[in-house]
Amino acid sequence: MRCLILLLSTACVPTVPDEDPWLAEVVFQAPAKLGSCAVGDVDPRFEGAEIVATCVTGDIYVVHREGEKWVGESVFDPPVRGEGSTIFGRIGKTGEMIQCAVGDVRPDLPGLEIVVVGMIEGSERSSGPGAAWCLYRTPDGWERELIRYDPALLHAVCVVKQDVFVAGFEKQVYLARREEQGWAPRQIVSELPGAAKNAIPLQDGVALACNNGSIVVVRPDDSGWKTEDADWRDAARGRIATDGKRLLSADDDGVLTLIDGEDHTVLHRSSKKLRGAVLADLDPTRAGLEVATTGYDGKIVIVVREGDTWKATTVFSDPQGFHHLASGELDGEPGDEVVACGYSGRIVMVTRR
Ligand SMILES: [Ca+2]
Ligand SMILES: [Ca+2]
Ligand SMILES: [Ca+2]
């Protein structure tokens with residue numbers, strides 16, 4: 001009986017004290033682990049942005065607002081063996097989908113599209129080939145296109161203008177653009193210093209978080225693409241974010257660092273791996289940008305500037321760990337919302353009251 005009560009109590013959503021300025025609510029419950037999430041207007045049937053999340057089962061969930069409620073649907077039907085081309089025949093079914101991004105990668109279609117990366121088969125832990133997909137809504141339903149089939153897990157994806165950048169455990173970076181006849185990926189980096197765990201867009205390129213401790217910046221130059229080590233720590237990088245000038249890095253040793261040129265400021269420390277980096281205007285009552293992080297400790301932490309110091313507040317605790325954090329405008333009120341997802345299959349939205 002005691003065990004049952006414990007189980008029931010841990011399944012409850014923690015309540016937030018009235019004086020707490022941050023409101024955290026569970027907006028969706030998936031049946032299995034969610035690897036990552038993104039925010040963007042991917043479904044023109046519903047006003048405003050939706051939340052996209054990738055699942056260990058290969059499902060992609062799109063969660064939209066209906067009045068006061070949030071409603072999610074799986075939009076990815078895994079391809080079946082023998083479907084059409086030889087490549088689909090070889091791939092068989094779809095494995096765990098790891099990370100996702102939203103952008104206008106098909107300007108010929110209305111709204112934004114979803115790009116996802118992960119495994120062809122099995123989970124992140126199994127070795128085997130990876131894949132990148134594009135998903136989009138048409139009047140007839142959701143469609144998908146294979147962007148790239150990779151010899152190893154694809155773990156990182158981001159969109160810059162019309163271009164999709166993907167990278168993973170092969171330590172290579174591919175740039176793919178949708179040509180008239182289909183996706184045309186080409187290799188732009190042949191050897192990263194480590195496996196790529198996360199990719200974010202820069203104004204003129206991409207930054208990649210690598211598991212050797214490097215943050216690598218890839219930019220176009222006269223001869224093609226130039227790679228530089230922008231930062232290094234003696235810990236695997238997990239997730240990164242940028243405001244165009246500074247970098248925020250959430251690492252495997254639980255350290256959250258704000259990097260401004262040579263200046264490194266530790267904003268938060270967790271006893272477990274961090275898996276969330278958000279740098280955005282989360283609190284419109286405070287000047288400048290705020291920071292959010294999360295990780296295997298299941299805590300969503302908001303960090304705000306107070307004078308010369310930074311103050312971290314835990315705004316939600318999940319009995320299971322979180323695996324990703326995203327931000328975007330979701331409630332029509334000033335300030336971006338933070339969205340977290342992870343092992344419990346829950347999507348939690350945090351907003352300034
Ligand atoms: Ca929409
Ligand atoms: Ca602010
Ligand atoms: Ca808002």
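Here is a walk through this predicted model, from the overall fold to a few single residues. Residues are numbered from 1 along each chain as its sequence is written, and chains are lettered from A and ligands numbered from 1 in the order in which they are written. Because the model is predicted, local features need pLDDT of at least 70 and side-chain atom pairs count only at pLDDT 80 or more, while totals for chains, interfaces and linings use all residues.

Let us begin with confidence. pLDDT is the predictor's confidence in each residue, from 0 to 100. Its mean over the protein chain is 90, and 90% of the residues reach 70 or more. Two stretches call for caution. Residues 1-12 stay under 50, and the model gives them one contact beyond four places in sequence; a contact here is a pair of residues whose C-beta atoms, placed from the backbone, lie within 7 Å. Over residues 80-92 the pLDDT is below 50 as well, and this stretch has 14 contacts beyond near neighbours in sequence.

Now for the whole chain. It holds two helices and 28 strands, which are DSSP runs numbered from the N terminus (helices H or I, at least four residues; strands E, at least two). The radius of gyration is 20 Å, close to the 20 Å that the globule rule gives for 353 residues, so the chain is as compact as a globular protein of that length. This radius is taken over C-alpha atoms, and the rule is 2.2 Å times the number of residues to the power 0.38. Along its principal axes the C-alpha trace spans about 60 × 50 × 40 Å. Among contacts between residues at least 6 apart in sequence, 46% join residues at least 24 apart.

Of the 353 residues, 47% count as buried. A residue is buried if 20 or more other C-beta atoms, placed from the backbone, lie within 10 Å of its own, exposed if 12 or fewer, and partly exposed in between. Leaving aside neighbours within four places in sequence, the contacts of Val166 include Val117, Ala132, Val157 and Tyr174.

Next, look at one sheet. Four strands form an open, antiparallel sheet in the order E6-E7-E8-E9; strands pair if DSSP finds at least two bridges between them. E6 and E9 (141-150) stand at the edges with a single partner strand each, so one side of each is left without a neighbour in the sheet. The twist averages 20° from one strand to the next, using axes fitted as lines to C-alpha atoms and angles from 0 to 180 degrees between N-to-C directions. Nine bridges join E8 (residues 130-138) to E9, and Thr138 has Gly141 as its bridge partner. Pro107 lies in the loop between E6 (97-103) and E7 (113-119). Pro107 is exposed, with 10 other C-beta atoms within 10 Å.

Further along, E15 (residues 205-210) and E16 (residues 214-221) run antiparallel over four bridges, with Ala209 opposite Ile215. Three residues separate the strands in this hairpin, where Gly213 takes a positive phi near 105°. A hairpin of two residues then leads from E16 to E17. E16 and E17 (residues 224-232) are antiparallel, with eight bridges, and Val216 stands opposite Asp229.

Methods
Two residues are in contact if their C-beta atoms, placed from the backbone, lie within 7 Å.
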